[in-house]
Every structure is written in structure tokens, then in C-alpha cells.
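Dear colleague,

Please find below the structure that I am handing over to you, together with its sequence. My notes on what was found in it follow directly after.

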Amino acid sequence: GDRALLRRALAVWARPGEGVTSSATPGTPTGGPAGPPHLLYAGTVDAARVVILYDGWRLARYAEPEEGARGAALDLARVDGAGRAGASAVVLSRSDGNVRFLLAPWVREAGERDLREPDEGARELPLEDGVTGPFVSGQGREPCTTWNTLELTDGTGTRLLTDLGELVPARLTTGRPGEVKDVSGEKARRTWQPYACSLAAMRSAGVRGVNAWAYAEQPLPDGDGRARWLCTRGETWRGTGARVLAQFHSPGARYGAVAARAEDVPACGTRQPDVLAGVLWKSTGGTWYLLAAGSDGVESVEATGGIEGRAKDRLLSVRAEKGARADLEGTLEDGGSVGGLR
């Protein structure tokens, strides 16, 4: 019923002006509403008056101090093509490392779950008129000992979303590209556990969802057990600028190690799931090796340059010198090739 507040929010969206702090996710136009916007929320949250508007392809969050209108802020985020999962939560406020979310009407339950502790239960988040109680974010803090995610349950199941510092939290999934599933059980949470902190690399990129795909297991030289290779890919709302990490997890290590990273490449995506990555690794006996692994579409791997070696399957292990560098090339089942992610 506060028409003056709504007029201020619409006026700032159309023309922010001086004294307004504005932000927009990458690829989001900053002009006024494309058509008559829908009002999703208006109210007082954590000593601020907040308005959430939606014009069919962007969300706009307007906030001003509860006392007075100086120091207003406007945040814009592109959300075109959002499905039920992607439209489940919007950030209402951030205060002292805590976040409050506005949840969609179809969400029945909300909880807070540490992705670093897959065996622990979710902590219930209270809901009042679709607004959650304070969610402890803490993303980006060093050292990374926890990574809290938002667990939502609706009529279709349970899923996890992660706060990446933007207006809309990103959906977490696991599985081979084209066959991904929501993180809703202990097995999927265990897949994410060693790699949770790597989600910090997806911040401030307009990411709509991040998938974790365990694409290979590799026996380690000198009888040091088996390592796991995983590809995490963050897809954006704008469709370009995807962020891809290839990660290596050795037995007993608390965290996965980023072996390679790239941006705006098709690797680990539905268009081209094939991926190849390598890492220099030191055995318990003190010997250095180049280890490389390709996804299941890779038939052979060759290393050239500072390290020479070839494998007749998708797993390569060859002795190396500390600090040596190599170029990787994989041959695909269809006769094509894939270079090492870098």
C-alpha cells in the first residue's frame, strides 16, 4: 500500500541518478523496465525498505534505508528462461554476512546445509510470508572451512542452491552433461564435498547453475591409491561466459585441487562434454609424475613439449621433473581431438 515507495523504486529503475548505488550481473541491460513490471515484494527487511520487481526477463531489487531515502541501491539481474527451480529464491537483503531470501509460493520447506559436511542434517530456516530467517552465507571467506547452501523442498523434490553474491542463487547439480540431476541426496552431496570451496571461482559472473561431473578415476603410481577427476561448469543466464574447472582429488585430501580452468569454452557442456586435463603430482615416494585424464569419449592421450608420453586409453601417467610443462592432446572415439583444458 506504500505507493510513494513503489514510485521511487520505479523512478530509480528508469533513471538511477546520482547518489544511487547500482549493479547489474554481466550481460544485463541497465535501462528501465521493458514493460509493465510485476511486483513480487515490497516491505521492510533488516532496517531497509525493499522492493522486488520483474519485467519478464530481469529482476530489479530496490532498497533504501528505513529512515529517509538517501543511500538507495538498485540491483538488476537477467533471469530470462528461468524454470521452476531457477525461480525459487531471490535475495532480499544482505547484512553482516547474513542473507534473507524471498521464496516462491511453491516452496514448502527451507533449510541451511553445509556442503562441506554431507552427513550432517539441514538446519531449518524459519519462513514468514515467504521470507526466510537469516541465512549464514560467509562465501568468499578465507580459509574456506564451510560452504552453506540453501536447501529448498517443493512438490517436485528437494534441491540445493548456492549464494554467489548476486540477486539469484545458483542451482547445484551433478552428473554427465545432458543427464544432470539436482543435489538432493547424500551421494550427490558427497560428490560435491571436496569441491565446495571452488564455487568461489563462480562468483560475480551471472551464473545460473553449477554442475559437478566426476568424469574419471585414475590409479596412482607407486601404489598410492586412486584419484578422482571432476569437472565443474557454471552456466550463465546470458548463455555465454561459462566458467569451467577441471579438478583433481587425491586420496585423503580434504579439498580438490584445480588442475585447469577456462572461460567461455564448450568443455563439460551439453554441446561438447569431452574434457581432458592434467596435473603434476608428487608420489609419497617423492617421484614427480604428469597425470592426465580424459572423459569417456577420449580414446588416447598424448603429452608433448616439456614432458613426452602417450597412453592408449584415456588415462596418462608419465614421470616428470618438478615444474615441467606439457601440452596435452586427446583423440576422440569419432576421430576428432580435444586439447587439454587450460
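In these notes a residue is called buried when its relative accessible area is under 20%, exposed when that area is over 50%, and partly exposed in between (1.4 Å probe, protein chains only). By that criterion, 49% of the 342 residues of the chain are buried.

Two remarks on the basis of the values are in order. This is a predicted model, in which local features need pLDDT of at least 70 and side-chain atom pairs count only at pLDDT 80 or more, while totals for chains, interfaces and linings use all residues. Residues are numbered from 1 along each chain as its sequence is written, and side-chain values use heavy atoms, with hydrogens and water left out.

Overall description

The chain has two helices and 27 strands; these are DSSP runs, numbered from the N terminus, with helices being H or I of at least four residues and strands E of at least two. Along the principal axes, its C-alpha atoms fill a box of roughly 70 × 40 × 35 Å. The accessible surface is about 16,000 Å², and 46% of it belongs to carbon and sulfur atoms; areas were computed by the Shrake-Rupley method with a 1.4 Å probe, and for residues only the protein chains shown count as cover.

A contact here means heavy atoms within 4.5 Å. Of the contacts between residues at least 6 apart in sequence, 55% join residues at least 24 apart.

As for charge, the chain carries 42 positive and 44 negative charges, whose mean positions are 2 Å apart. Lys and Arg count as positive and Asp and Glu as negative, whereas His and the chain ends are not counted. Each charge is placed at NZ of Lys, CZ of Arg, CG of Asp or CD of Glu.

Helix α1

Helix α1 covers residues 3-14, twelve in number, and spans 16 Å from its first C-alpha to its last, close to the 16 Å expected at 1.5 Å a residue. The expected span is 1.5 Å times one less than the number of residues in the helix. Which residues of α1 are buried? They are Leu-5, Ala-9, Val-12 and Trp-13. These lie on the same side of α1 because they cover an arc of only 105 degrees around the axis, the arc being that of the directions from the helix axis to the C-beta atoms. Arg-3, Arg-7 and Ala-14 are exposed on the other side of α1. The cover over the buried residues includes the strands β3 (48-54), β4 (58-65) and β5 (73-78).

Buried positions in strands

Thr-149 belongs to strand β13 (residues 148-154) and is buried, at 0% relative accessible area. Beyond four places in sequence, Thr-149 touches Gly-111, Glu-112, Arg-113, Leu-115, Phe-135, Leu-160, Leu-161, Thr-162 and Leu-172.

Ala-292, in strand β22 (residues 288-294), is likewise buried with a relative accessible area of 0%. Its contacts beyond four places in sequence include Gln-218, Trp-229, Val-301 and Leu-328. Ala-292 and Ala-303 are eleven residues apart along the chain, and their C-alpha atoms are separated by 8.9 Å.

Positions in loops

Leu-199 sits in the loop between α2 (186-192) and β17 and is buried, at 1% relative accessibility. Among the residues that it contacts beyond four places in sequence are Leu-115, Trp-147, Thr-162 and Leu-172.

Pro-177 is in the loop between β15 (170-174) and β16 (181-182), and is buried with a relative accessible area of 13%. Away from its neighbours within four places in sequence, Pro-177 contacts Trp-213, Cys-268, Gly-269, Thr-270 and Pro-273.

Arg-70, by contrast, is exposed at 77% relative accessible area; its place is in the loop between β4 and β5.

Backbone angles

Most residues other than glycine have a negative phi. Asp-46, although not a glycine, has a positive phi of about 50 degrees. Asp-46 lies in the loop between β2 (38-45) and β3 and is partly exposed, at 39% relative accessibility. Asp-222, also not a glycine, has a positive phi of about 60 degrees. Asp-222 is found between β17 (207-219) and β18 (226-236), in the loop, and is partly exposed at 43%.

With kind regards
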